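Open the model in your viewer and keep the selection tool at hand. This tour moves from one selection to the next.

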Amino acid sequence: MTTRVHRIAAIPGDGIGPEVVDAALTALDHLSRQTNAFRLEVDRFDWGSKRFQREGTFMPADGVDALRTYDSILFGAVGAPDVPDHLTLWGLRLAICQGLDQYANLRPTRILPGLSSPLAGVGPDDLDWLIVRENSEGEYAGQGGRSHRGQPHEVATETAIFTRTGVERIMRVAFSQAQARPRKRLTVVTKSNAQRYGLVLWDEIAAEVAREFPDVTWDRMLVDAMTVRMTLDPRSLDTIVATNLHADILSDLAAALAGSIGIAPTANLNPERAAPSMFEPIHGSAFDITGKGVANPIGTFWSASMMLGHLGETEAEAQMMRAIEVVTADPESRPRDLGGTASTEQVTERLCRALDEIG
Ligand code: NAI
Ligand code: MG
């Protein structure tokens with residue numbers, strides 16, 4: 001059997017980023033040795049807030065181009081207490097997502113075995129969602145500016161951009177993701193009553209693209225009402241597509257409803273594979289627990305599993321997911337945010353043992 005080789009760029013970043021990325025690299029290495037089916041060549045980049053404070057930039061000027069030569073990127077988190085968050089986000093994470101045109105952000109959410117939702121009476125069969133977030137334009141397109149700083153008539157604009165190309169391509173991803181799931185349902189989220197240009201365009205394009213997917217049942221929701229439906233009727237939802245800002249907010253709610261932000265994964269995809277895709281937990285750098293060894297690495301394990309799937313290692317993707325489920329099902333191996341006492345290292349050891357048991 002020949003061993004397939006994949007080149008991975010690891011960007012651990014700030015705060016608990018390095019703790020959870022190290023845990024995921026340990027797990028991936030374990031799985032690779034165990035199966036011998038694939039090998040990862042990992043290069044580590046020390047980009048982030050420390051580099052910014054030292055050198056004035058979060059990554060080198062040719063950083064995005066350097067990433068193009070890799071098969072995938074595994075990212076931790078970026079953000080430091082003494083660096084403004086808008087500099088951090090635009091200096092690294094958004095620079096990579098936009099630079100590599102990773103326009104489709106997939107965020108699966110479900111209640112893993114052994115975990116419980118804060119919603120009374122809601123179990124694993126009642127909450128199994130895939131949120132598809134537009135990841136290149138919308139409210140985070142980066143258009144806007146400030147004038148007359150500090151004066152009483154100071155003005156700031158933040159312009160949302162919706163293009164036909166951008167909306168069409170995310171709708172196609174959303175409908176095809178919905179089509180691939182057993183329930184074949186899609187909910188298109190907007191705020192097209194109040195935002196009557198960009199989001200009416202969004203609604204119109206949804207209806208156009210829907211005609212290409214006659215087997216997908218779809219409906220529309222306004223984002224405010226959507227928070228109510230997610231909370232009171234989670235079972236009625238399956239695949240969800242929303243703008244950059246709306247899906248950002250809804251996916252944090254989704255993660256909390258499924259048990260904890262510490263388990264939620266995300267894939268920033270360039271679906272055409274013209275550039276590498278990036279996989280990361282949805283949480284941030286969590287300064288409050290940095291260095292304590294208690295960060296939950298499961299969101300990064302799940303992201304690593306999605307990365308394996310994207311690399312074509314579907315067997316390994318499923319093995320990693322099954323091992324995660326063994327870990328969450330065992331109360332002894334749950335970290336603090338899931339009500340347990342296991343350290344990051346103990347969760348990782350348990351995951352590796354689970355990989356052995358499964359393999
Ligand atoms: P956060 O996600 O870092 O933390 C929110 C809360 O969840 C904290 O109480 C934290 O301890 C907890 N938490 C998060 N991840 C956890 C894990 N793996 N295990 C256990 N507990 C976990 O969000 P916050 O506090 O709003 O932001 C902190 C910094 O992270 C800011 O600088 C922010 O800009 C940045 N950030 C970066 C993101 C990224 O790089 N993708 C995403 C979100 C925030
Ligand atoms: Mg967010």
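Predicted model: local features only at pLDDT ≥ 70, side-chain atom pairs only at ≥ 80, totals over all residues.

Select the 21 residues around ligand 1; among them, Gly-79, Gly-262, His-283, Gly-284 and Asn-296 come nearest. Now colour that shell by residue class.

Zoom out to the whole protein chain. Its secondary structure comprises 11 helices and 12 strands. The C-alpha trace spans about 55 × 50 × 40 Å along its principal axes. How does the radius of gyration of the protein chain, 20 Å, sit against a compact globule? A compact globule of 359 residues would be near 21 Å, so the chain agrees with that value.

Next, some helix pairs.

**α7 and α8.** Select residues 223–232 for α7 and 244–257 for α8. Their axes lie 11 Å apart, at an angle of about 10°. The two helices are therefore roughly parallel, as angles under 35 degrees count as such. On the α7 side, show Val-223, Met-226, Thr-227 and Met-230. On the α8 side, show His-246, Leu-250, Leu-253, Ala-254 and Leu-257. This contact has seven nonpolar residues, two polar and no charged.

**α9 and α10.** Move on to α9, residues 298–310. Helix α9 packs against α10 at about 160°, with the axes 7 Å apart. Angles over 145 degrees count as roughly antiparallel, so α9 is roughly antiparallel to α10. The crossing is left-handed. From α9, display Ile-298, Phe-301, Trp-302, Ala-304, Ser-305, Leu-308 and Gly-309. Their partners in α10 are Thr-314, Ala-316, Glu-317, Met-320, Met-321, Ile-324, Val-327 and Thr-328. By class, the contact of α9 with α10 holds 10 nonpolar, four polar and one charged.

**α10 and α11.** On α10, pick Gln-319, Arg-322, Ala-323, Ile-324, Val-326 and Val-327. They meet Val-347, Arg-350, Leu-351, Ala-354, Leu-355, Glu-357 and Ile-358 of α11. Nine residues of this contact are nonpolar, one is polar and three are charged.

How values were computed. Residues numbered from 1 in each chain as written. Chains lettered and ligands numbered in written order. Contact = placed C-beta atoms within 7 Å. Helix = DSSP H or I, 4+ residues; strand = E, 2+ residues; numbered from the N terminus. Nonpolar A, V, L, I, M, F, W, Y, C, P; charged D, E, K, R; others polar. Near = placed C-beta within 6 Å. Rg over C-alpha atoms; globule rule 2.2 N^0.38 Å. Axes fitted to C-alpha atoms, helices over the stretch in contact; angles between N-to-C directions. Parallel < 35°, antiparallel > 145°, perpendicular 65-115°, else oblique. Left-handed = near helix turned anticlockwise from the far one by under 90°.
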